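Student: I would like a close look at the side-chain contacts in this model, beginning with the aromatic rings. Please take me through them in one connected account.

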Amino acid sequence: MTTNRPTHSVRRGDELISADESVIHDSDDRLHNADLAPVPDTERKWGAFAIFNVWTNDVQSLAGYTLAASLFITAGISGWYVFAAIILAGVVVMFLVNLSGRPSVRYGIPYAVMARTSMGVLGARVPALIRGIVAMFWFGAQTYFASTAVALAINAVVPNGPTGEFLGMNLVDWVAYVVVAGFQVLLFIRGLEGMAKFLNFAGPAVYVVMILLLVAIWVQAGDELIQGVGTLFQGDKGGVSAVLAFFGVVGTMIAYFAAVVVNFGDFSRQTHSVKAMRRGNFYGLPISLTFFTFLALFITAGAYIVYQDGTGEPATNPAEIVGLADNTALTIVAAITFFLATVGINLVANFIPPAYDLANLMPSKITFRGGGLITAAAGFVIGALWVAAIGDMGLPKFVDTLGAILAPLYGILVCDYYILRKQRLHIRQAFTTSPRGIYHFRNGWNVRALVAGGIAAIFSMTTVWLPALEELTGFAWLFGAVLGGLFHWIAMRGRVLIDPVDEPATAQQV
């Protein structure tokens, strides 16, 4: 068997790699197409600003705002502690994606190909399918939230619309939902460069509108706003319960980013260096998330004081808050902006990664575009059921559930690449079904890794749905990731080959 050792090396950013590592010869059609192939150096056009905008759009969605506002209200601890917990979550996520993104910067491959090195060239279809299904649920949820902003704008222009409902939504709601879904598909069809331009516009635009909204609220609330932040989100937990609640908020926010954390390589593969990726992650996560959370905290408290007279349940959806302002011009501008922001996160988290993942299932038949369209179609159905069924569980529980499912995949990725394989991959081996390939395992499947991930996912899911473990719900992602990595290490230590060798296939089967 011919090994994949280069005759010379070049420096890609701050990584030293082989000069011909991205060239795939004699690949299997079941594993390769142009979208899954490594991105050559000459085609890497993303710098720190592009990565920053990925996170800016991921943070600034209606669902993201609603989740943060819900945690301020339901965590049971001071709003300032919740604020600190969300910032800490941003720092942790930055650390996590620096790890998961680095191998894709080095080798130019998406997560769907990266998973082959630990799950097997065919076994990687399982995590790809799981990631794709999770994305479909998230796509539906985010599309629904974006449609609430469009419906708000329509109702501001044409009040007193039809009142009849189907699946919990009236005619205006359905029109808004279809418009949002169609707009996202059109953007996706434009390709990565078109989406990048959209993200570069949508991210800063949302901050402008949120700042204007906060200024308008602060002018009306005056000194009451600062006091309101301290009194509205006081919480009643203390001692150990307060500590658990604090870290539970951290865990829930990490779970919110879980989808992108696993698939971050789909974006980092477009960057020219690890340094640029890390810089973009720093400004896009702890910095951007801190600013966004500050705005969310004060807007939620201020709206409760100014528009709700301090009575009832505080509004957590910014579209709803804008509607309370009773200003048609502001409502329309804000609604459009929030719509663009939520579309941004759907492109980032729920179109691009699953498009690669679904393409990985049948590369010869499903392209990147085809995978995205499948995600959009399934997500459309799921989002249509949000009001009638799915949303009843509450957004925090929805987030923790999906995070628990994805967490073991991250643990396995990091453990396999950094601990077992010592950061050494042979990318050509990930595109062959030869029994002697080091990522072939047994018939292309690494059953040990799949079982390790399945057991870890089951445990992390119990912390979300088992009442006896309710206090641990916010830690679901952490448990899943740690256990996934630990079980994978136990199952695979001593069985992983780092370099291709000429020996019978049985030596690599596990």
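Student: How many aromatic pairs does a search of the whole structure find?

Tutor: A search of the whole structure finds 22 aromatic pairs, where rings of Phe, Tyr and Trp (its six-membered ring) pair if their centres lie within 6.5 Å, planes under 30 degrees apart counting as stacked, over 60 as edge-to-face and the rest as tilted. One of them joins Phe282 and Tyr283, which are edge-to-face at 5.1 Å centre to centre, with 70° between the planes. This is a predicted model, in which local features need pLDDT of at least 70 and side-chain atom pairs count only at pLDDT 80 or more, whereas totals for chains, interfaces and linings use all residues. Residues are numbered from 1 along each chain as its sequence is written, and side-chain values use heavy atoms, with hydrogens and water left out.

Returning to that pair, Phe282 is partly exposed, with a relative accessible area of 36%, and Tyr283 is partly exposed too, with a relative accessible area of 42%; here buried means under 20% relative accessible area, exposed over 50%, and partly exposed in between (1.4 Å probe, protein chains only). Elsewhere, Trp46, Trp55, Trp138, Tyr256, Phe257, Phe264, Phe267 and Phe398 form one aromatic cluster.

Aromatic rings also meet charged side chains, a charge being said to sit over a ring if NZ of Lys or CZ of Arg is within 6 Å of the ring centre and within 35 degrees of the ring normal. Arg116 lies over the face of Phe431, at 5.1 Å from the ring centre, while the charged end of Arg493 sits over the ring of Trp489, 4.8 Å from the centre of that ring.

Turning to pairs of charges, side chains of opposite charge can pair when their charged atoms come close. The count comes to 2 salt bridges, a salt bridge being a side-chain nitrogen of Lys or Arg within 4 Å of a carboxyl oxygen of Asp or Glu. In one of these, Asp41 is joined to Arg44, with the closest N and O atoms 3.9 Å apart; Asp41 is partly exposed, with a relative accessible area of 37%, whereas Arg44 counts as buried at 7% relative accessibility. A salt bridge also links Arg421 with Asp416, where the closest N and O atoms are 2.9 Å apart, and both Arg421 and Asp416 are buried.
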